[in-house]
Protein chains: 2
Amino acid sequence: MPELRKDPVVGRWVIVAFERAARPSDFRTKREPPPDPGNCPFDPGREAMTPSEVFAIRPDGSLPNTPGWVTRVVPNRFPALRVEGELERRGEGIYDRMTGVGAHEVIIETPEHNLDLADLDEAGFLNVVRAWTQRVIDLARDPRLKYALVFKNSGRTAGASLRHSHSQLIATPIVPQQVKEEIAGGRRYWDFRERCIFCDLLAQETQDGRRIIAENDHFITYAPYASRFAFETCIVARRHLGSLGELSDAEALGLARALRDVLQRMTKLLDRPDYNFMVHNAPLDGGQLNHYHFHVEIMPRETTIAGFEWGSGFFINPVPPEAAAKYLREVV
Amino acid sequence: MPELRKDPVVGRWVIVAFERAARPSDFRTKREPPPDPGNCPFDPGREAMTPSEVFAIRPDGSLPNTPGWVTRVVPNRFPALRVEGELERRGEGIYDRMTGVGAHEVIIETPEHNLDLADLDEAGFLNVVRAWTQRVIDLARDPRLKYALVFKNSGRTAGASLRHSHSQLIATPIVPQQVKEEIAGGRRYWDFRERCIFCDLLAQETQDGRRIIAENDHFITYAPYASRFAFETCIVARRHLGSLGELSDAEALGLARALRDVLQRMTKLLDRPDYNFMVHNAPLDGGQLNHYHFHVEIMPRETTIAGFEWGSGFFINPVPPEAAAKYLREVV
């Protein structure tokens, strides 16, 4: 019998198809890599091919926009939103529109053209987390911006358009709907119980154990109870914190370790799947919220999103989260 | 400058990327067809390969589960939800679960193995609409079921797993979140203005004209102001009606004509794109609602949904809806 499960934060129901339950080997399909022309604009020595860098980690003290960097952040050459311009909002009869003010940046995660993020060593991974953190802190100073989403598209089906490993940051002049729903769900729970729902969820998951994949001093990695996707995972901070900008040095290292660990597990179990991850920060101007809690969602792109999902908001997950967690926990 | 646009019903913002504006020819990529082994279970003469039919249109008076049908509805062999069993709902600490009771049916749209839905003649298309309608009316009698979603996945990237043209119906024991959000948005508007938001939207679109693609006596086809996807379209009933079950005979024909017309336009303009469509009915047990209005959403699958969309609920649309409507209006 299939089972319906409800996400306790946003209230989304998911169909967990126990009978069709798939195994990791069902997903090890051949993936087409993203386009990889020579002349990669993210390679060292080609810094002039990108817009001027806004942040870089340069252990050798080299000059901006020259080789020597280990992590480099540049504006996207084809930005979805633009930093310049006034934020204007107006109606058009029944409709609302706004100028597309915002920021769209690319975090080049390594100078090495052929490494995946999961291949970086711990120090390299920590540099990536630091770059995200610095950019979020910096963009929070712009009063036009309300939210900064850090995310990664890895592989062609996940939306990557270049092979060279990179993540992205898009800052928007409004709080995105998905984040609003998480905040609203957190607030409903807070109003009822006066506790953070993510903190409660962590306590229950840790005690139960069936969906836990890994833990370190600062973060817990688990398969969400109402996972939408096969082998979806989530990393939650043990401490009630809202955003990247609040991470202590030890927590930044903890996040780098947790994310690197789960990407390596996924890489081994599913043979380098295409994937997305999204860093769920609190809004930029919201201050600390009692009812919102920093987390990272990681989704291998193994299942197709079809008409049912688009029309209903319901998802069908062919791998029960308990099975996904067991596979990911036990992979060597 | 990109523009942010808000969907007036569900409140979702979309980034319309005017500068990156793509043309139809940018999307005419080579598509991989769905798997097509010989021995298709949907071909006439192989009726025994599917579960027993629950509905069929048989102009020649032939017996159930034999050839002679022109449209045939059967339970899915690998259903996401099952008709048998009690609807049990219970908590598990912070979580909620429910038994996966529901229905999952396949509407085989034509006996011809190689026809696409857009290739059917008007009479054939009307039979498909009649089959949907009958099944929704029938399933509405089961008090365990709260919603019936009719949808189609056409092509491999849209989630089709068989070549033979078919649509699907999934009936669920709860109203899906996406529908709830549409209903909630419609109610907010009704509370404020005491008018249906879809009726108002239709009036504005018809007067404006830039996003209208086609009209007939009963339905209007347009490109939504805050389209999420390139060349997304929507078909809305002129009359304020809630679901398939309320269609008059003339309206059923009007829907068949409108949907066939827009699929044919899309087929020509984008060279047989993969696509999904979803029929948005009112809930099964809700009666007529002042603030909910029947419509069909059609989405060619030309853009990849990546981490930004998943993390934010924001979409980036590279084709302004006014341009999409013009292309679709003018295609011969």
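Biologist: Which residue is the bridge partner of Lys6(B) in strand 2 of chain B?

Modeller: Keep in mind that this is a predicted model. Strand 1 and strand 2 of chain B run antiparallel and are joined by four bridges. In strand 2 of chain B, Lys6(B) is bridged to Trp13(B).

Biologist: Which residue takes a positive phi in the hairpin of strand 1 and strand 2 of chain B?

Modeller: This hairpin has six residues between its strands. The positive phi is near 80 degrees, and the residue that takes it is Gly11(B).

Biologist: Which residue in strand 15 of chain B is the bridge partner of Ile15(B)?

Modeller: Strand 2 of chain B pairs with strand 15 of chain B in the parallel sense, over three bridges. Within strand 15 of chain B, the partner of Ile15(B) is Ile316(B).

Biologist: Now the other chain. Which residue of strand 1 of chain B is the bridge partner of Thr99(A)?

Modeller: Strand 6 of chain A, residues 95-99, pairs with strand 1 of chain B, residues 3-6. The sense is antiparallel, with four bridges. Thr99(A) has as its partner Glu3(B).

Biologist: What is the order of the open sheet of five strands?

Modeller: Start with chain A: four bridges join its strand 5 to strand 6, antiparallel, and Gly91(A) stands opposite Asp96(A). The pairing is mixed, and the order is 5(A)-6(A)-1(B)-2(B)-15(B).

Biologist: How many nonpolar residues are on the side of chain A that touches chain B?

Modeller: The contact takes 59 residues from chain A and 59 residues from chain B. On the chain A side, 18 residues are polar and ten are charged. The nonpolar count there is 31.

Biologist: Why is one side of strand 3 and of strand 10 of chain B left without a neighbour in the sheet?

Modeller: These strands belong to an open sheet of ten strands with antiparallel pairing, in the order 3-4-7-9-8-13-14-12-11-10 (chain B). Strand 3 and strand 10 stand at its edges, so each has a single partner strand.

Biologist: Which residue in strand 7 of chain B stands opposite Val73(B)?

Modeller: Strand 4 of chain B covers residues 71-75, and strand 7 covers residues 103-108. They run antiparallel and are joined by four bridges. Opposite Val73(B) stands Ile107(B).

Biologist: What angle does the direction of helix 4 of chain B make with that of strand 11 of chain B?

Modeller: Helix 4 of chain B packs on the sheet. It touches strand 10, strand 11, strand 12, strand 13 and strand 14 of chain B. The angle with strand 11 of chain B is about 20 degrees.

Biologist: At what angle do the axes of helix 1 and helix 4 of chain B cross?

Modeller: Helix 1 of chain B passes helix 4 of chain B in a right-handed crossing. The residues of this contact divide into seven nonpolar, one polar and four charged. The axes come within 9 Å and cross at roughly 120 degrees.

Biologist: Is Phe277(B) buried or exposed?

Modeller: Phe277(B) is found in strand 13 of chain B. Its contacts include Gly307(A), Phe151(B) and Val296(B). The C-alpha atoms of Phe277(B) and Phe151(B) are separated by 5.4 Å, though these residues are 126 apart along the chain. Phe277(B) has 26 other C-beta atoms within 10 Å and therefore counts as buried.

Biologist: Which residues have the most contacts inside the largest nonpolar core?

Modeller: That core has 195 residues. Leaving aside neighbours within four places in sequence, Ala148(A) is in contact with residues including Val136(A), Leu169(A) and Leu284(A). Those with the most contacts inside the core are Trp132(A), Ala148(A), Trp132(B) and Ala148(B).

Methods. Residues numbered from 1 in each chain as written. Chains lettered and ligands numbered in written order. Predicted model: local features only at pLDDT ≥ 70, side-chain atom pairs only at ≥ 80, totals over all residues. Contact = placed C-beta atoms within 7 Å. Nonpolar A, V, L, I, M, F, W, Y, C, P; charged D, E, K, R; others polar. Pairing = 2+ DSSP bridges. Helix = DSSP H or I, 4+ residues; strand = E, 2+ residues; numbered from the N terminus. Core = buried A, V, L, I, M, F, W, Y, C linked by C-beta atoms within 7 Å. Buried ≥ 20, exposed ≤ 12 C-beta atoms within 10 Å, placed from the backbone. Axes fitted to C-alpha atoms, helices over the stretch in contact; angles between N-to-C directions. Left-handed = near helix turned anticlockwise from the far one by under 90°.
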